[in-house]
Structure formats: C-alpha cells, structure tokens
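Me: I have a two-chain model open and a few quick things to ask. Can we go through it piece by piece?

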Amino acid sequence: MDYFSEGLSRAVALLLALDPETFSAVWATGMVTALALFVSLLLGLPLGFGLGHFRFPGRRFVRLFVDWMLSLPTVVIGLIVYAFLTSRGPLGEWGLLFTIPGMALGLTLLGLPIVISMTATAVESTDSRLTDMVLSLGADRWQLLLATLIEARFAMALAAATAFGRIVSEIGIAMMVGGNIKYQTRTITTAIALETGKGEFATGIALGIILMVVALVVNLLVGLLRGRSNGGQGGSGGLGAGGGA
Amino acid sequence: MRKLTLMLTLLAALSCAGTVFAAETILVGTTTSTADTGLLDALVPKILKATGLEMRWIAVGTGKALEHGKNCDVDILMVHAPGAEKKFIDEGFGVSRTEFMFNDFVLVGPVKDPAKIKGKPVADALKAIASVKAPFASRGDDSGTHKMEQGLWKTSGLPLPDKESWYIGVGQGMLVTLRLAAERGAYTLTDRGTWISFEAKDHGRSGLVILSEGDKVLRNQYSIILLPPTCAKIKHEAAKKLQAWFLSKDGQQAIADFKLEGKSLFTPNAAK
C-alpha cells in the first residue's frame, strides 16, 4: 500500500516542482492525443454519419469491417505502422518514425473505427419517428440530415470521449512507433512502463495519477462547453455529461 | 481534407523540431541495461559539452535494437551480443564494430540456494540447477542477456531448456525478470549493473543474492556499431563524432567515473 501514498505525494511533488521530464511527457501525450483525436473526428464523424444515415449497397459489409477493426490489437497497429514508417518502409521518406506525428498516425488508426462505429450506431438509432415527423412538417433532405445530426450530437460526443480515452491511455503504438525517447516521444503511458520496468513503482503510480488528472481536466472542459451550448435542455445535457465522465 | 491533415502533421512536426532540436541530436539504438542503470543519462551533458551532440536513445532488447539498425531507423548502435553483432556486420548491415566497455554477468538466486551452486563455476552451477529442477527465470526476449544465457547452457553441455516446467521465460526487461525471480525464488542471470540498481532499491531485502560470479565466460562486452552509407538519411558524421568520443580518453574516463551506489558498473576497454 506504500506505493499508493508514496505515488500520490510524488505526483503532487512532480507537478509542483514543474518537473521538466514529467511536463514533457504530459506535453507529448497532449500533442499526440489532440492530433490523433482531431483527425479521427474529422474523418470519422462524417464517415460514421454517412454509414448510419444512408442506405447503399455493401453497407452491411462496411459496417462489419469497421466493427471488426475495433478488435485490432494496438501492438499490431504499432507493428503495421512501424513497417510503413521505417526508413526502409514504403513511407520511410516521410521521416515520421519516432516522431509525434508518426505516433498520432498510429493512434488515429485506433480512434477512427471507434468514432465511425459509434457515430453510425447513434445515427441508426435516432428515433425513426423523427424522420416521419420532420418529413411530414415539409422538410427537405438537407433539413432531415440536420435534424438527425442535432438528435445524434450527444451520442457523437460520447464517441469522441471514448476515442479520447482509448488514445490517451494507449501504450503499444506509442512505444513501438514513438520509441519512448526522452523529451521527445516519451508520453505519460510509456514513461509509466519505463518507470515500472525500472522498479520505480511509486513514480509509475504518480504518473498514472497525473494522466488521470489530465483526462479529468479535459472531460470537465468538454462538459463545461456542452453545458453552455445547451443550457436549457436539461435532460439531454445530463445524458451527454454522463457519457463524458 | 487530406491536405489539411498533412499540413497539420507537418506543422506539428515543425513545432517539435523547433522547440526540442536546439543542438544537433543523435539517436542511439541501445539496450535496456545502458539506459536503466542511468549511464546514458549521466553521459548526456558530457557528450553535449565535448561534441555539441544531444544524445537521445531508443532502449530495447539487443534483438530489436539490431532490427532498428537494419532498417536505418537510428543513427548508431550500442549493443552487447558479440555473436549477433558479428553476424550483423557480416550481412552488411553495419560497417564497423568497436568494443568500448564491458561489465559482467552474475548468477543470482535465492539465499536458500536449493541447487547448492554458491561459489561454483557457471557451467557446474547450471548443471546443478537443471538436475534438481530448481526454478530458473530467463529473459526470453532475444536480448543480449538472453543470448548470453543461451550460450552458457550450450557451453555447459546442456540442452537448451525450453518447455521444462522449472524454466520460466519472462519475455521482459532485466528488472522485471529479477523481481519475478525474487517472487518465485528462482535463479537468474543478470548483468551486474542492473543487479546493483535492483539490490539498492530493495535494500538487499529481495531474498536474492549473487551465487556465482567472476567466471571468464561471464564478461559482457559492449560495442558501438556504425551503420553503412546505404542508410542514406541517418547522421553519419554525428555518429562518427559520438563513436570517437566514446573511444577517447575523456569518454573512457567518463564511463569509469559512472557509479551507482558507490560501485562502478562499467569498465572501459577501448583498444588504444
């Protein structure tokens, strides 16, 4: 049990002392997560929406493929991305191996299926009466699309929160593609793995606490934004906040 | 959309480059023992002062480090598995291999010593362990230490244990393996550097002690390997500069001066 109390006090000490190693790991984690989440949402929300909203041939197959990709182990993603990014690999020219953007690329592959799948499910499960009602009120296709979008927004926020959680806590891709280089690609999770491997359990726990604090701050900020944009509608807001927590 | 993501990626890359790459960095592919013991951390400021190079590293098992070298993903290699290194050079993946320091391996085990190996030469110790089927924790990760251990079974005239119930293939770093050995009361082979830092952390209460040491076959030789010009994009000049520093009087002295818990871990031995 010593590890926990020692870990807690060390976490506070590291944060108060503005420890450069810790802060560079926090920065790397934030940078990688922001990049990967941004691209995942940018591509995943429209794709997921399209997949859930439109009926087209082969749709079931695409859906199956996306859900299948949810099971892809992160170590395998890491290996595949490494094979592409290594100097002798097809994308070696880009020089992305052992860099933040390279890690973000791998983590995007992790986040994208989550965002697509959850968004598609959300759009699919919007009340079918909504469609009837909106159409009976004389809406055109675009207005229907907009109404569905508004209806599904909280579930989409949940998709984003889930993807954020997976990306920020990921370690296999970060280790394999990032290389755990001090002051460069060392994220909080790879630092935890390193400290644990060195037998510095308390420091590992301290970093774990810091990661959770960072995640809490992000979730609170998102919750705050959501609460503000949707002040009057208490019921739906509660659902969204529940998802984000 | 693709253009936008690419631009963002580039932007992020540039911003990293701008903030972190103040001095020229050199990326060393190395093994966990040089990093975990703190040797590299201690050398960074000295190297920066002497050569203007900011040393960074990817610390993995020797097998993976050599793979990184093969793929030209690092600028220089610093590893400790002479057999695998020579093969690496012969296959044309490296141009030169220079020995520059060593430490040694020790055989550690539970204080109770069920196989009675204390003070025995390594070959006899391993035979005793195998004959009483005492638990033995192996790195099992193709690292330099793992290769050394496999070689020792071979030179002791024993078949390489694999599926035997007493032989534990850990598949992780040295400290994890040591901790596992302590928990399970197992014997294991470790480099002395990692052993000293392990023992210091546990204040000698781990229940493991050194049982066999000093045998000539237990020397753990570290070498620097330069990568060939076919690795077009790596920093060849910086790599040569770093190699020269490690072989120089200053570099060799810095290695000798590095101490953990008051004990020297590595012995410099660059050819004069």
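Me: Which residue follows helix 8 of chain B, and what is its phi?
Reply: B:Gly185 follows helix 8 of chain B, and its phi is positive, near 65 degrees. Helices here are DSSP runs of H or I with at least four residues, strands are E runs of at least two, and both are numbered from the N terminus.

Me: Before I go on, what kind of model is this, and how is it numbered?
Reply: It is a predicted model: local features need pLDDT of at least 70, side-chain atom pairs count only at pLDDT 80 or more, and totals for chains, interfaces and linings use all residues. Residues are numbered from 1 along each chain as its sequence is written, while chains are lettered from A and ligands numbered from 1 in the order in which they are written.

Me: OK. Which residues of helix 8 of chain B are buried?
Reply: B:Met174, B:Leu175, B:Thr177, B:Leu178, B:Arg179 and B:Ala181. Buried takes 20 or more other C-beta atoms within 10 Å of the residue's own, exposed takes 12 or fewer, and partly exposed is in between, with C-beta atoms placed from the backbone.

Me: And helix 9 of chain B, how many of its residues are buried?
Reply: Eight of the 11, so helix 9 of chain B is largely enclosed by the rest of the structure. They are B:Arg192, B:Gly193, B:Thr194, B:Trp195, B:Ile196, B:Ser197, B:Phe198 and B:Glu199.

Me: What covers the buried residues of helix 9?
Reply: The cover includes helix 2, strand 4 (96–110), helix 8, strand 7 (187–191), strand 10 (259–260) and strand 11 (263–264), all in chain B. After helix 9 of chain B comes B:His203, whose phi is positive, near 50 degrees.

Me: Zoom out. How many helices and strands does chain B have?
Reply: 11 helices and 12 strands. Of the 272 residues in chain B, 45% are buried.

Me: Why say the radius of gyration of chain B agrees with a compact globule?
Reply: Because a compact globule of 272 residues would come out near 19 Å, and chain B has 20 Å. The radius is taken over C-alpha atoms, and the globule rule is 2.2 Å times the number of residues to the power 0.38. The C-alpha trace of chain B spans about 65 × 50 × 40 Å along its principal axes.

Me: How is chain B divided into domains?
Reply: Domain 1 is 2–102 + 221–268, and domain 2 is 104–218. The bounds come from an automatic or database domain assignment. The C-alpha centres of the two domains of chain B lie 28 Å apart.

Me: Switch to the chains. How many residues of chain B are in contact with chain A?
Reply: 22 residues of chain B, against 21 residues of chain A. Helix 1 of chain B supplies the largest share of the chain B side, seven residues.

Me: What classes are on that chain B side?
Reply: 12 nonpolar, four polar and six charged. Ala, Val, Leu, Ile, Met, Phe, Trp, Tyr, Cys and Pro count as nonpolar, Asp, Glu, Lys and Arg as charged, and the others, Gly among them, as polar.

Me: At what angle do helix 2 and helix 8 of chain A cross?
Reply: Roughly 145 degrees, and the axes of helix 2 (residues 20–53) and helix 8 (residues 153–168) of chain A come within 10 Å. Axes are lines fitted to C-alpha atoms, for helices over the stretch in contact, and angles run from 0 to 180 degrees between N-to-C directions. The residues of that contact divide into 10 nonpolar, three polar and no charged.

Me: Last one. Where is A:Lys182?
Reply: In the loop between helix 9 (172–178) and helix 10 (188–197) of chain A. A:Lys182 is partly exposed, with 19 other C-beta atoms within 10 Å. A:Lys182 and A:Glu21 are 161 residues apart in sequence, and 7.6 Å apart in space, C-alpha to C-alpha.

Methods
Contact = placed C-beta atoms within 7 Å.
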